[in-house]
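Dear colleague,

Here is the structure I promised to pass on, with the sequence alongside it. Please open it first, and then read the notes below with the model in view.

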Amino acid sequence: RRACRGSRFVINEGDVRAFVYSWYRLLDQHAPVEDYFPLLAGDDAELVFPEATLRGTDAFAAWYRGGSPKFPALPGVTNVFFDEVHELKRVDVSLAKDEPNTGDCAHVLIVVKWEAHRWTAPKAKSDVLRFDAWQRWTIALSPAGLPVIRQYIVDKLEALAGSATL
């Protein structure tokens, strides 16, 4: 578990749950990448996906929208996947109050059903992807007292019936 930074604010389960749901709503909408920046702990954010480990908002932007000369191997998930739907199946929140040298934070276990389509030229039809993604997040509070992601780890992807491979 990654340590959280202290804050004069108090983290609570309701805010963490609302934050998690909001994150996935943005993903389903393919919101502008800038909408995610206030939700990440800046350069301290670490996101571990099956295809890459990202640190900071620049790396997240490259993963999300692609086209970055600094991260040429990342095509951008919004350029690859469409018709995305994230359905939260499990959100377990564990509040960590006054951890030594860390302050308040929340550790969150998430299971999200992810469905999307992916088209690869010159195929006549798109592939349907269906997975349960098991994730662990660490949520801290920003200096303004708002939840931010410090660490986001995808532990495993379980293919569901009828899914193409990634």
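Predicted model: local features only at pLDDT ≥ 70, side-chain atom pairs only at ≥ 80, totals over all residues.

Trp 23 belongs to the largest nonpolar core, which has 49 residues, and together with Tyr 24, Val 108 and Trp 137 it touches the most other members. At least two residues of this core come from each of helix 1, strand 1 (46-49), strand 2 (52-55), helix 2, strand 3, strand 4, strand 5 and strand 6.

As for the overall layout, the protein has 3 helices and 6 strands, and these follow one another along the sequence in the pattern α-β-β-α-α-β-β-β-β. Its radius of gyration is 16 Å, which agrees with the value near 15 Å that a compact globule of 166 residues would have. Along the principal axes, the C-alpha atoms fill a box of roughly 55 × 35 × 25 Å. Of the 166 residues, 45% are buried, and among contacts between residues at least 6 apart in sequence, 60% join residues at least 24 apart.

Helix 2 deserves a separate look, since 8 of its 10 residues are buried and the helix is thus mostly covered. The buried residues are Gly 56, Thr 57, Ala 59, Phe 60, Ala 61, Ala 62, Trp 63 and Tyr 64, and what covers them includes helix 1, strand 1, strand 2 and helix 3. After helix 2 comes Gly 66, which has a positive phi, near 70°.

The other feature to examine is the largest pocket, which holds about 510 Å³ of space and is lined by 26 residues, with Glu 51, Trp 63, Val 77, Phe 81 and Trp 114 lying nearest its centre. Two or more lining residues are given by each of helix 1 (13-29), helix 2 (56-65), helix 3 (77-80), strand 3 (81-99), strand 4 (103-118), strand 5 (127-141) and strand 6 (147-159). Sorted by class, the lining comprises 19 nonpolar, 5 polar and 2 charged residues.

With best wishes

Technical notes
Residues numbered from 1 in each chain as written. Heavy atoms only, no water. 1 Å grid on protein atoms, 1.4 Å probe; cavity = no way out; pocket = protein on both sides within 12 Å on 5 of 7 lines; lining within 4 Å. Points joined across faces, edges and corners; volume = space filled by probe spheres on them. Helix = DSSP H or I, 4+ residues; strand = E, 2+ residues; numbered from the N terminus. Nonpolar A, V, L, I, M, F, W, Y, C, P; charged D, E, K, R; others polar. Core = buried A, V, L, I, M, F, W, Y, C linked by side-chain atoms within 4.5 Å. Buried < 20%, exposed > 50% of the residue type's maximum accessible area, 1.4 Å probe, protein only. Rg over C-alpha atoms; globule rule 2.2 N^0.38 Å. Contact = heavy atoms within 4.5 Å.
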